[in-house]
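Welcome, and please have a look at the model below. We will walk through its strands and then turn to its ligand.

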Amino acid sequence: MFISSVEQSELQLPHEQVVVRHDAASGLSAVIALHNTQLGPAAGGCRRWSYVSTDAAVEDALRLSEGMTFKNALAGIPFGGGKSVIIARPGEDAPTSEQLAVFGQWLNELAGRYITAEDVGMGVAQMQELARHTKFAAGTGHRGVGGDPSPKTAYGVFVGIKSAIEYGLNRASVNGLHISVQGLGAVGMALCALLHQAGARLTVADIEPCRVALAKQRFGATGVDVKDINKVAADVFAPCALGGVINEAVAHEIDVSVIAGAANNQLLHNHCGDILAGRGITYAPDFVINAAGVISVGQECLMRNNYFQQADTLSLQRWAESRIQGIAYRLTRIFDMASAKGCSTDTAAKRLALSVLAQGDAQRGETVAA
Ligand code: NAI
């Protein structure tokens, strides 16, 4: 039974370092936020987005980097939490070569305390170019390991959705379920493919009409306007666009049994998780369900740096695979904890992550990652 909200300060750790920089020559403006490096170098992607202000970019970097600390701790990987954002300038579709060179230099100055990878607006091509200037860019692939994390993230979310429907709907399969998907980018489209293949009925939305058209054609999906996707009555809602989609009004009104998707920071405020819990909606905390991408990036970094003695591709593959499959186990454990403690799943997951951090080393993270 759901009982009450918790003091959010109980769940917060301060940031270790936040860098806000502008390079006049290239026009690059970026924020690099290192939240916590207790378990290892801060790892988290680089987002390129058009922010309304520098403050908004800082706010996004702070929230995203904090989420990475929780994500990496629970995934049982030897990395802390960090994230960077590049503030896109009007009219620029992609970062210029000069900007990537400068950004690489800024990463070098952090001397390995932060490792970046793909996120919204930054794909494999950008990471590969960035990697020409710094060794602290991952998601480029190394000896056949890692590379684009998005398909892995989609697979991990699929694994997590199955765990969430088992808990929330007592269903073992998505076959026949109605699932609404917000955002048909690298992760959302790959997730739709997995859900469609498994027999789910899809309703989708994206700000790019061509992506909706593709999902209709490939998966027989129904398209709706972007402002209506969270009003769709469905079994599962999978947010796969940007953060903050579950605000108070949405939390009170959304007509689904399960919320489980890839987007980072889905809850606009922590208490939105309390509202969902109070309504009996099973919410899969984003930083648990979307961890497969960073596990894959982590695998690539460990391979490059020969982290394991006599590391071979197969043992690292097993290392990553067990952590990705472990998403199901971790979610079930978190759902049970939330139910037992009368708190939201978001709070339960953060408490579990903080307990891993309190133990102080990544190996112990394996007890929750098993
Ligand atoms: P992406 O940039 O490839 O796709 C985002 C999609 O959302 C685009 O198709 C865009 O048009 C759409 N979109 C933006 N605003 C929208 C709105 N208001 N309504 C509907 N659609 C909208 O990004 P990607 O890589 O697919 O990531 C999606 C989410 O998952 C992001 O929040 C990201 O931080 C998160 N994530 C991604 C990981 C990865 O491996 N790519 C790993 C973990 C989290």
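Let us begin with a term: two strands count as paired if DSSP finds at least two bridges between them. The model shown here is a predicted one.

With that in mind, take strand 7 (residues 178–182) and strand 8 (residues 201–205), which run parallel and are joined by five bridges. One of the residues involved is valine 181, whose bridge partner in strand 8 is valine 204. Both strands belong to an open sheet of six strands, ordered 9-8-7-10-11-12 and paired in parallel. Strand 9 (222–223) and strand 12 (282–283) are found at the edges; each has a single partner strand, so one side of each is left without a neighbour in the sheet. As a general point, side chains in a regular strand alternate between the two faces of the sheet.

An antiparallel pair can be seen as well: strand 1 (residues 17–23) is joined to strand 2 (residues 28–36) by seven bridges. Here valine 20 has valine 31 of strand 2 as its bridge partner.

Now for the ligand. Which residues are the closest to it? Of the 25 residues that surround the ligand, the closest are Arg47, Thr153, Asp206, Arg211 and Ala241.

| Residue | Protein atom | Distance to a ligand oxygen atom |
|---|---|---|
| Alanine 186 | backbone N or O | 2.9 Å |
| Valine 187 | backbone N or O | 2.9 Å |
| Aspartate 206 | side-chain N or O | 2.6 Å |

On its own the ligand has 830 Å² of accessible area, and the protein covers 87% of this. The space that the ligand takes is the largest pocket. Helix 4 (150–169) and helix 5 (186–197) are the elements that give two or more residues to the shell around the ligand. Sorted by class, that shell has twelve nonpolar, seven polar and six charged residues.

Technical notes. Residues are numbered from 1 along each chain as its sequence is written. This is a predicted model: local features need pLDDT of at least 70, side-chain atom pairs count only at pLDDT 80 or more; totals for chains, interfaces and linings use all residues. Side-chain values use heavy atoms; hydrogens and water are left out. A residue is near a molecule or strand if one of its heavy atoms lies within 4 Å of it. A polar contact is a pair of N or O atoms within 3.5 Å; within protein, one must be able to donate a hydrogen and the other to accept it, and residues adjacent in sequence count only if both atoms are side-chain atoms. Accessible areas come from the Shrake-Rupley method with a 1.4 Å probe; for residues, only the protein chains shown count as cover. On a 1 Å grid over the protein atoms alone, a cavity is a set of points where a 1.4 Å probe fits but cannot get out, and a pocket is an open set with protein on both sides within 12 Å along at least five of seven lines; lining residues have an atom within 4 Å of a point. A molecule sits in a cavity or pocket if more than half of its atoms lie within 2 Å of its grid points. Helices (H or I, at least four residues) and strands (E, at least two) are DSSP runs, numbered from the N terminus. Ala, Val, Leu, Ile, Met, Phe, Trp, Tyr, Cys and Pro count as nonpolar, Asp, Glu, Lys and Arg as charged, and the others, Gly among them, as polar.
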